[in-house]
Every structure is written in C-alpha cells, then in structure tokens.
Amino acid sequence: MAIIKEADITEGIETTDSEQQLQIPSELPVLPLRDIVIYPFMIVPLFVSREKSIRAVDEALGENRMILLASQKDLDKEEPSADDLYRVGTAAVIMRMLKLPDGRIRILVQGLARAEIESVDTNGPHIRSHVHVMQEVLSPERSLEVEALIRNVRASMEKAINLGKNISPEVMAIIANLDDAGRLADLSASNLELKVEDAQSILDIADTTARLRRVNELLNKEIEVLTVQQEINTQARADIDRSQREFYLRQQMKAIQTELGEGNELAEEIAQFREKIEAAGMPKPAEDEASRQLKKLERMHPDAAETATLRNWMEIMTELPWSKSSTDNLDLRKAEQILNEDHYGLEKVKDRFVEGLAVRKLKDKPKGPILCLVGPPGVGKTSLGRSIARVLERKFVRLSLGGVHDEAEIRGHRRTYVGAMPGRIIQAIQQAGTNNPLIMLDEIDKVGADFRGDPSSALLEVLDPEQNNSFRDNYLGVTFDLSNVIFMTTANVLDSIQPALRDRLEVIRLAGYTEEEKLEIALRHLLPKQMEENGITSRDLHISKTALTAIVQQYTQEAGLRQLEREIGRICRKVARRIAEGHKGAVRVSLKNLHEFLGAPKALPEEVLKKDQIGVATGLAWTAVGGDVLFIEALRVKGKGNLVLTGQLGEVMRESAQAAYSYAKSRAKELEISDEDFSNYDLHIHIPEGAIPKDGPSAGITLATAMVSALSLRPVLKSVAMTGEITLRGNVLPVGGVKEKVLAARRARVSTIILPQQNRRDLDEIPKELFKDIRFVFVDNMRQVFREALKERVVPPVSTGGRPQRVPQAASGRSA
C-alpha cells in the first residue's frame with residue numbers, strides 16, 4: 001500500500017528540471033504497484049514486501065537507483081505476469097531506502113517521466129522490462145483552449161474544496177501559480193483519489209492538452225459527486241441520524257455524570273433492563289413500549305421523582321412472565337387420586353373437574369366456563385382450588401376480594417397517581433412467575449362498589465374467555481394475555497353477585513358436611529394436620545371416635561370444619577404442654593375426659609320440642625353458614641284483630657306472615673276458626689333470638705301453621721319441621737337451600753320434614769343412607785301441611801268450669 005504525502009508532492013513539484021535531464025536507461029527493474037498510479041515529479045513513500053520486488057529495488061540501488069513503477073490490473077495477484085501490468089508506467093529514482101524489522105523495506109521514490117513498456121521478463125529473480133521514454137506533446141503556446149482548460153481546472157479545484165474535498169492549501173497555492181498544462185494535469189489528478197483505471201488513463205496520455213481535457217472531465221464528475229454528497233450531508237445535518245446523535249448525547253451525559261460522581265448505578269440498571277427486555281419474550285407492542293420508556297429513563301436525572309416511578313414500571317414489565325408457562329399434567333387417574341387424598345366426599349365437584357380435565361386433554365386451550373364454588377365457610381372451597389392446581393402442576397395464587405370497592409384494585413392505577421401500582425390480577429401473575437397459573441378469586445360475593453368504580457364490572461373482562469386475551473391494565477398501559485390463566489371463584493351467597501358477572505360463572509354448590517363426613521374428615525385430615533402443627537405424634541395422642549363425635553355434636557355448630565379444627569388444635573396444644581412438662585406415655589382422650597380438655601359443651605344442638613304445643617311450629621332456615629332450625633311462636637291475645645310481628649323480621653318475612661294471616665281469615669270456616677276470633681283477638685307472631693335479623697320467603701308455611709294452631713287451638717307435632725313459601729290461595733311454592741336445611745333438621749333430631757312437592761328433585765343430591773331415619777312429606781297446598789303437622793283440635797269449654805274436649809282428627813300425607 002503506497003502512502004501519498006502532500007508535502008512530498010509539493011517538494012517534487014518545486015524541484016528543478018535537472019531530474020528530467022538524467023539519462024533513463026532502456027532496461028529497468030520493475031516494481032509492480034497494487035493500488036496506486038504515480039505520476040512524474042511525485043515523491044511518494046512505498047512499502048515493499050514481495051521477494052521479487054525487494055530484489056528489483058536492490059538491483060536498482062546497485063546500478064543507477066532507477067526503477068520502473070507499473071500498476072497492476074488485478075490488485076489481488078501476488079505474482080503478476082506481463083499481461084497483468086499496464087503498458088505505461090513511470091520511471092522513477094529511489095531517493096531513500098529503509099529496512100524494517102519484519103523483513104519489509106520502505107523506499108522514497110520520485111517520478112521522472114512516462115515510460116512505455118516494450119517487453120517484460122518475469123523469469124529472473126525479479127521483473128525486468130525494456131522501455132522507452134514517452135515524450136510529451138506540448139500544446140501551442142498559450143492557446144485559447146489550453147488557457148480555458150487551465151482556468152476550468154483551477155476553478156473546479158476551488159469548487160471541490162468548497163464542497164468538502166480535503167486538499168491542502170499548499171497544493172492549491174501551487175495549482176494557482178502553475179502554468180505548465182502537463183504538470184497541472186498530473187498534480188490535479190493525484191489529488192482527486194481516482195480509481196486505478198481512471199488514474200492510469202491520465203498517465204497513458206502524452207499530449208498535455210488532451211491530458212488536461214481528461215482531467216477536467218474527471219474533475220467535473222467528481223464535483224457532481226461532491227455536490228450530491230453535500231446535499232446528503234446537508235439533509236443529514238438537518239435530521240442527524242438518531243442513533244448517532246443519541247450515542248453522542250449519551251456519552252456526553254455519561255461524562256458529565258462521571259464528573260459529578262453520579263449516574264453509574266442508573267446506567268447499570270438501564271443496561272440490565274435492556275437485557276431483560278430482550279429475554280422477556282414480550283409481544284411486539286409491549287416490547288416497543290418498554291424500549292421507548294427505557295430511552296426516556298436514560299435521559300432522566302437519577303434523583304428525579306419520575307425516575308423512581310419509571311424504574312418501578314420497568315421492573316414490573318421485565319419481571320412479568322410474558323412467555324414463561326408451565327406444562328399441564330393431564331393424567332386423569334392421578335387427578336382422581338390427588339383429589340381423593342386431599343378431600344373426602346364432594347363427589348360432584350370432583351367429577352366436574354375431572355370432566356374439564358378430559359376436555360383439556362382432547363382440545364388445546366378450551367374456553368370453558370369459570371367455576372364458582374358456593375357454600376358456607378369452611379367447607380373446603382379454597383382448598384379445592386389448591387388441589388386442582390396441584391393436579392395440573394400449575395402455580396396457585398389466591399386473591400381475596402372481600403371488601404374490595406375500587407375498580408383500580410382490578411385494573412390497576414394509572415401511573416400519573418402517586419403510589420400507583422398494577423391491579424391484583426397482574427400482581428398475581430407476577431407472583432406466580434408463569435403466565436398460566438390457577439388464580440382463586442376468593443369471596444367474590446363480598447365485592448363492594450362506591451364512587452371509585454365497580455370492581456365487579458371490571459371483573460367482567462377478566463372472567464370472559466372471549467375478552468381476557470387482551471386484558472389492559474391501567475398501570476402497564478399495554479395488553480396482557482389472560483387466556484392461559486384458569487380462574488376459579490368462591491362465594492358464600494349468590495344474591496350479592498352482580499347478575500352480569502354471575503352469568504359468566506358455572507355455580508357448583510357445597511352445602512356442608514354431615515356428622516359422619518365430619519368425623520371421617522377429622523380422622524383423615526384435621527387430626528394429623530393439627531398434630532403435626534403442634535409437634536406431637538400418634539404415639540403422644542389418641543382420640544377415640546366417640547370423643548370426636550362428641551366434639552362434632554357438642555362443641556361445634558357449623559356447616560364447615562373450621563371450628564372443629566380449632567377444637568382439635570386446642571386438645572393438641574394441651575397435650576403438647578403436658579409433654580413439654582415431662583409427662584410420659586400417650587394421652588388418651590375419650591368421651592369421659594373430653595371436658596378436661598375442652599370444658600363444658602359450647603353448642604348444644606337444637607333439639608325438637610319436648611312436647612306438642614299450640615302455636616309453636618318448627619321451621620327450617622338457610623344461612624350463609626349452613627342450615628338452622630327456627631321456632632316460630634304464635635299467641636292470640638285480647639285485642640282488635642291486629643297482627644303483631646316481633647323478632648327482627650325482614651320485609652319479605654313480614655309479607656309472608658301477612659299472606660298467611662289473610663289465607664287463615666279466608667279459610668276460617670274450613671279451619672274451624674270463629675270469625676269473632678279475628679275481630680276480638682290480636683295475633684302476636686314472635687321468632688326467638690330477636691337480636692338476629694331474619695328474612696326470606698321459606699318460612700311462609702311455618703308461619704301459617706303456627707297461626708292456625710294458635711287460632712284453632714290445635715297443637716303442632718313436635719317431631720315435624722317444615723319449609724316452603726305460601727301464596728294467598730294456600731299453594732306451597734318451592735324454596736332453595738334444601739340440603740342445608742335437611743342437614744340442620746337431622747342435627748335437631750327431627751323425624752319428619754315437610755317440603756314443597758317441587759323440591760323432591762333436590763333430594764337427589766343428599767345421600768339416602770344418611771337420612772334413612774327421616775320421613776319426607778311433599779305437599780302442594782296448606783291443607784296437606786295442616787293434616788300432617790297439626791293434631792286434633794282442642795275444643796274450648798261450652799260452660800264455665802267445663803273441661804276442654806278433644807276431637808279426634810286423622811293425619812295423612814305423601815311421604816318419600
């Protein structure tokens with residue numbers, strides 16, 4: 001590679017003509033040049049590395065220091081032949097030579113004259129050639145064409161400098177004062193950075209006028225290129241390339257922050273964020289937004305308030321599992337095994353889940369309904385969701401929605417607010433670490449609403465399989481795909497759930513457990529769990545089945561299992577204390593010593609009345625914690641025919657009582673009630689436990705039975721409990737919560753239960769073997785209720801001092 005130095009060129013131009021007067025021999029060693037053309041009077045340093053070229057230089061130095069400089073046609077050819085060299089070269093003199101440590105030599109040569117190659121010999125140790133010096137064809141003395149060409153070349157060189165061409169002022173000074181057309185052409189061409197072919201075309205021309213004309217053409221072409229280049233530069237200068245500009249500003253900012261002793265931590269964080277964005281596998285819109293916010297973060301001051309907000313946003317965006325998911329386990333046998341291990345009973349729920357698992361095995365990403373487990377507290381709704389996640393081998397996250405009354409809890413806060421954060425759904429995804437966890441929305445029936453929005457409406461999008469593939473959290477500002485998430489919900493009641501939200505849920509009811517089921521669950525799950533939590537083993541404690549049965553009956557009164565677990569835990573703690581105090585041997589808890597651990601019984605079950613009574617009927621009620629037995633008392637007192645209701649009754653129950661009273665008045669003759677009794681007596685209806693609010697239509701037939709019993713003086717059978725809604729015509733309508741009510745009746749030792757005829761189908765959900773000692777009677781109207789529940793009428797005395805007489809009356813009804 002030849003290096004041209006303008007100072008050397010200047011020095012060559014200023015030499016005298018004595019060099020031209022040197023005698024150039026007809027045979028010269030040849031030095032092939034790869035990428036440069038050297039003109040006469042140019043002084044150029046050259047590096048020589050090829051063996052033949054080094055020998056050619058040595059021979060030239062040993063003779064007359066003259067050598068022929070000829071350019072190669074093929075730059076990559078290592079051993080050029082005669083045909084690989086241009087036919088015109090430059091005879092030059094070697095002014096200096098320096099050997100380098102790596103074996104190369106550096107020479108300084110000056111061009112003397114154009115020389116045409118006649119023949120080339122490449123067989124020797126170096127290339128030699130026979131040449132003859134080309135005589136320049138001089139133009140007529142200062143012709144008009146030459147003068148015009150000289151002026152054009154000078155003007156074009158000036159214009160080239162103005163367009164950005166890098167030419168030294170010394171060269172331009174020489175060009176301005178040089179009148180020799182040939183030298184002007186060679187000097188101008190050597191500063192144009194021409195291709196080898198174009199530069200060689202100028203060397204080939206001996207006629208100075210033609211040579212200057214050719215230089216002028218190439219110079220005009222160069223000016224056109226420079227003009228276009230300047231236009232591009234001007235346009236680029238107006239709109240500098242963004243990446244270069246940002247890099248330059250970033251380097252400046254980094255230097256400033258380094259001088260101030262700050263910014264290093266932020267720069268490291270930004271680099272980490274950039275790596276996390278690339279590795280997160282975000283969708284294109286989310287990745288673009290993250291990159292845009294990251295660039296914004298780079299330009300912020302580390303101590304700015306918005307920097308902390310944006311940093312938190314970047315952390316959440318990069319930590320979300322955009323593309324990370326777990327693989328489902330779809331083994332149906334293993335699913336049944338795990339569900340049976342974790343839960344006793346609940347066959348309906350287990351079957352429904354295994355069915356859904358089978359569908360998921362046959363179809364990828366099915367859009368099934370959202371399961372909603374409805375039942376009293378403590379029946380295992382949340383633990384069922386945890387078991388299902390265990391079956392699928394998915395992450396489980398529980399979200400408690402009780403008391404949530406702000407829409408932002410679901411959709412997230414906008415980042416403009418202080419303390420903004422994403423909604424609970426996105427937080428749950430982040431906590432799970434996968435984009436397909438099982439999320440349990442607990443207590444969905446206790447979601448509130450106020451001036452800040454309605455969270456239930458926000459949940460519509462979350463729980464709708466057709467919409468949640470593009471769920472947009474206000475904090476993130478981008479969409480997140482929730483279609484891979486399995487949502488399950490729990491509730492105690494359905495009435496408080498928004499209708500549109502309830503429409504998206506598939507309701508599965510968990511009514512509660514029988515005493516037998518509670519005993520089995522206590523033996524299988526509760527007792528081992530509490531023993532482990534309290535640090536004792538089966539060798540330290542033994543509880544008999546009779547003791548566990550007594551705990552269920554006398555120390556708990558619930559549909560679920562929480563109080564039962566607390567009582568068992570209480571026993572375990574007392575045993576742990578005895579062991580810690582040095583007690584040896586196992587502690588045995590039986591029915592006899594149970595009171596030593598738990599004290600006196602706390603919740604004696606509601607039992608049937610001790611005898612048949614007038615005006616007292618046993619009703620069955622549904623509550624959020626299961627079924628319950630309700631005693632309704634009716635008493636007629638002297639008055640003006642008013643109906644008095646006490647016991648904190650709700651509006652619906654009051655209307656049921658009024659309907660029952662109107663029905664009794666309309667059927668007074670049929671029920672053997674005197675019309676004067678309605679005008680001379682007030683009827684007082686009371687339901688004990690007045691501090692507890694009571695409401696609902698299912699007590700209608702119980703109210704009517706108590707009223708008719710009080711007015712007709714017919715006792716109500718103590719062993720009969722009932723539930724059903726009454727109409728003005730005396731028809732009995734179906735009610736809900738049958739299983740819970742039947743369980744409550746069984747706890748109260750009721751032997752006969754009266755149910756509406758249309759509730760017969762609800763008994764299919766109740767195990768028949770558990771209620772073989774209970775007789776069910778299904779009725780359509782109140783006549784059937786009275787025949788089944790009321791005894792014979794007590795006839796009032798005919799005269800003073802007389803005794804009441806009893807009139808026998810048969811009782812009949814349909815039973816199941």
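The legends below describe several close-up views of a predicted model.

Residues are numbered from 1 along each chain as its sequence is written. In this predicted model, local features need pLDDT of at least 70 and side-chain atom pairs count only at pLDDT 80 or more, while totals for chains, interfaces and linings use all residues, and side-chain values use heavy atoms, with hydrogens and water left out.

View 1. With a relative accessible area of 7%, His 126 is buried; buried means under 20% relative accessible area, exposed over 50%, and partly exposed in between, with a 1.4 Å probe and protein chains only. Not counting residues up to four places away in sequence, His 126 touches Pro 29, Lys 52, Arg 55, Ala 56, Glu 59 and Asp 121, a contact being heavy atoms within 4.5 Å.

**View 2. Gly 619 within strand 16.** Strand 16 covers residues 616-623 and includes Gly 619, which is buried at a relative accessible area of 4%. When its neighbours within four places in sequence are left aside, Gly 619 is in contact with Asp 628, Val 629, Leu 630, Thr 702 and Met 722. Gly 690 lies 71 residues from Gly 619 along the chain, and the C-alpha atoms of the two are separated by 16 Å.

**View 3. A patch of negative charge on the surface.** Glu 336, Glu 347, Asp 351 and Glu 355 gather in this patch, to which helix 13 (residues 347-362) gives the most, with three residues. Patches are made of residues with over 30% relative accessible area and no salt bridge, like charges being joined within 9 Å and nonpolar side chains (Val, Leu, Ile, Met, Phe, Trp, Tyr) within 5 Å. Lys and Arg count as positive and Asp and Glu as negative, whereas His and the chain ends are not counted; the place of a charge is taken as NZ of Lys, CZ of Arg, CG of Asp or CD of Glu. Asp 351 is found in helix 13 and is partly exposed, with a relative accessible area of 42%.

**View 4. The salt bridge between Arg 154 and Asp 179.** The side chains of Arg 154 and Asp 179 meet at 3.2 Å, N to O, a salt bridge being a side-chain nitrogen of Lys or Arg within 4 Å of a carboxyl oxygen of Asp or Glu. This pair links distant parts of the chain, 25 residues apart, with Arg 154 in helix 3 (residues 144-162) and Asp 179 in the loop between helix 4 (169-177) and helix 5 (181-190). Both partners are partly exposed, Arg 154 at 22% relative accessibility and Asp 179 at 48%. A search of the whole structure finds 38 salt bridges.

**View 5. The salt bridge between Arg 398 and Asp 442.** The side chains of Arg 398 and Asp 442 meet at 2.7 Å, N to O. Arg 398 lies in strand 8 (residues 396-400) and Asp 442 in strand 9 (residues 438-442), so the pair ties together parts that are 44 residues apart in sequence. Arg 398 counts as partly exposed at 43% relative accessibility, whereas Asp 442 is buried, with a relative accessible area of 3%.

**View 6. The salt bridge between Glu 520 and Arg 524.** The side chains of these residues meet at 3.1 Å, N to O, and both residues lie in helix 19 (residues 515-533), four residues apart, about one turn of the helix. Glu 520 is partly exposed, with a relative accessible area of 25%, and Arg 524 is partly exposed as well, at 44%.

**View 7. Positive phi values at Glu 193 and Arg 749.** Most residues other than glycine have a negative phi. Glu 193, however, has a positive phi near 55°; Glu 193 is placed in the loop between helix 5 and helix 6 (196-203) and counts as exposed at 69% relative accessibility. Arg 749, which is not a glycine either, has a positive phi of about 65°; Arg 749 lies in the loop between helix 26 (738-747) and strand 23 (752-756) and is partly exposed, with a relative accessible area of 44%.

Notes:
Helices (H or I, at least four residues) and strands (E, at least two) are DSSP runs, numbered from the N terminus. Accessible areas come from the Shrake-Rupley method with a 1.4 Å probe; for residues, only the protein chains shown count as cover.
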